Amino acid sequence: MATRIEAVEGGTEAEDILLKDFTYDDRPGYVRIYPQGNAAKFSGKGYLMPIRYGEFAPSFREMEVRSDDVWVASYPKSGTTWSQEMVWCISNDLDFDRAKSVMLRLRFPFVENSCMSKFHGKPGEENTPSYKYGFNSVKYISDLPSPRFIKTHISWDLLPEQVKSKKPKIVCVARNPKDTCVSYFHHCSLLEGFRGSLSDFVTLFLEDTVAFSPYWDNLLSYWEHKDDSNVLFLTYEEMKKDLPSVVGKVCKFLDKKMPSDEDLKALCNHLSFDSMKANDAVNYECLVEKKRSSTDQHFMRKGKVNAWKEEMSPEDVKRFDDWIEKNLNKLDSETKVFFQNWFIDD
Ligand code: PPS
């Protein structure tokens with residue numbers, strides 16, 4: 001059966017918040033997507049996406065996938081940009097000069113970019129890479145020479161059909177849901193026109209009513225493939241704890257030599273939060289500067305584990321804890337233990 005796409009009509013508390021506080025001219029609505037007609041296995045819901053997804057879905061599903069593509073896949077705000085920069089630098093023999101001079105979004109494009117909201121390019125710039133990427137991110141990627149580097153937030157079940165046969169390398173990165181949610185709230189408020197409070201956003205997140213949700217289905221769709229030979233599963237928290245050892249895993253996975261001690265130090269320095277925050281090729285300042293309302297708003301915001309403790313109300317923490325417990329109890333015991341240890345508060 002073909003993928004079914006249904007408009008979000010409102011009627012639940014979360015959908016009403018979504019339609020009231022998270023729509024605007026360039027993103028007038030949302031859809032739920034049912035891969036092959038089916039709801040996502042874990043939540044029993046469809047995946048939520050901005051309405052423009054419907055326009056891009058056919059070309060995305062049928063997109064040519066190449067066996068030498070390298071993908072970074074994640075639920076939003078899980079450490080995607082950090083992982084992309086790590087994967088790109090390792091794959092490109094630590095070419096820091098190019099990494100700093102070419103925007104990450106052009107060397108490691110986000111395949112669903114054109115689904116997120118209507119693009120307004122400047123007339124006369126139609127032939128620039130930025131315009132082509134903004135106008136149609138799927139076509140931009142299809143026209144790139146190999147090896148390509150591709151970012152996605154979509155769940156495994158919605159990836160292009162050819163992923164199954166071509167088996168590109170896929171690095172998945174995931175982050176504990178409370179930090180993910182708080183980071184996503186700030187991202188949506190700053191860059192995507194969300195007008196509600198953090199508590200409203202928690203409602204959207206827990207009710208699987210923000211783009212790329214349900215969180216659990218998205219995460220578990222990649223977790224199920226973590227032992228496939230073309231998949232590497234990482235967490236934000238392990239990158240924070242021991243970046244050099246994650247670099248080692250990524251080098252092995254990408255069939256690259258482990259850098260010398262000196263090069264490893266240079267790479268970890270390039271990937272540090274402070275370096276990335278100051279690096280205009282990865283910090284999205286060019287987008288943020290058009291949108292910010294105060295000087296302390298940045299894409300590279302806190303870069304910490306458990307920063308949710310500084311912002312979430314006790315009521316929202318309780319709602320989250322109940323939701324985590326309910327969902328952990330639906331998992332097999334091995335997965336549950338792994339997730340409990342990973343999400344644990346220190
Ligand atoms: S996106 O928009 O979905 O691609 O965002 P994503 O890159 O997945 O997540 C952004 C969060 O990752 C933090 N970040 C880092 N943390 C530590 N070290 C480095 N180098 C780093 N680079 C990005 C970024 O600050 C966002 O997290 P928060 O919690 O908002 O600070």
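Helices (H or I, at least four residues) and strands (E, at least two) are DSSP runs, numbered from the N terminus. The model is predicted, with local features requiring pLDDT of at least 70, side-chain atom pairs counted only at pLDDT 80 or more, and totals for chains, interfaces and linings using all residues. Residues are numbered from 1 along each chain as its sequence is written, and side-chain values use heavy atoms, without hydrogens and water.

**View A. Polar side chains at the ligand.** A polar side-chain atom of Thr80 lies 2.4 Å from a ligand oxygen atom. For Thr81, the distance from a side-chain N or O atom to an oxygen atom of the ligand is 2.5 Å. The corresponding distance for Arg301 is 2.8 Å. The ligand taken alone exposes 640 Å², of which the protein buries 98% (Shrake-Rupley method, 1.4 Å probe).

**View B. Elements around the ligand.** Two or more residues of the shell come from each of α3 (80–91), α10 (177–191) and α16 (273–278). Helix α3 gives the largest share, three residues.

**View C. The open sheet.** Three strands are arranged in the order β1-β2-β3 with antiparallel pairing (strands pair if DSSP finds at least two bridges between them). Because β1 (4–7) and β3 (47–50) are edge strands with a single partner each, one side of each has no neighbour in the sheet. From one strand to the next, the twist averages 35 degrees (angles run from 0 to 180 degrees between N-to-C directions, with axes fitted to C-alpha atoms).

**View D. Pairing of β2 and β3.** Strand β2 (residues 30–34) pairs with β3 over four bridges in the antiparallel sense. Val31 stands opposite Met49 of β3.

Definitions and conventions. Polar contact = N/O pair within 3.5 Å; in protein donor to acceptor, adjacent residues only side chain to side chain.
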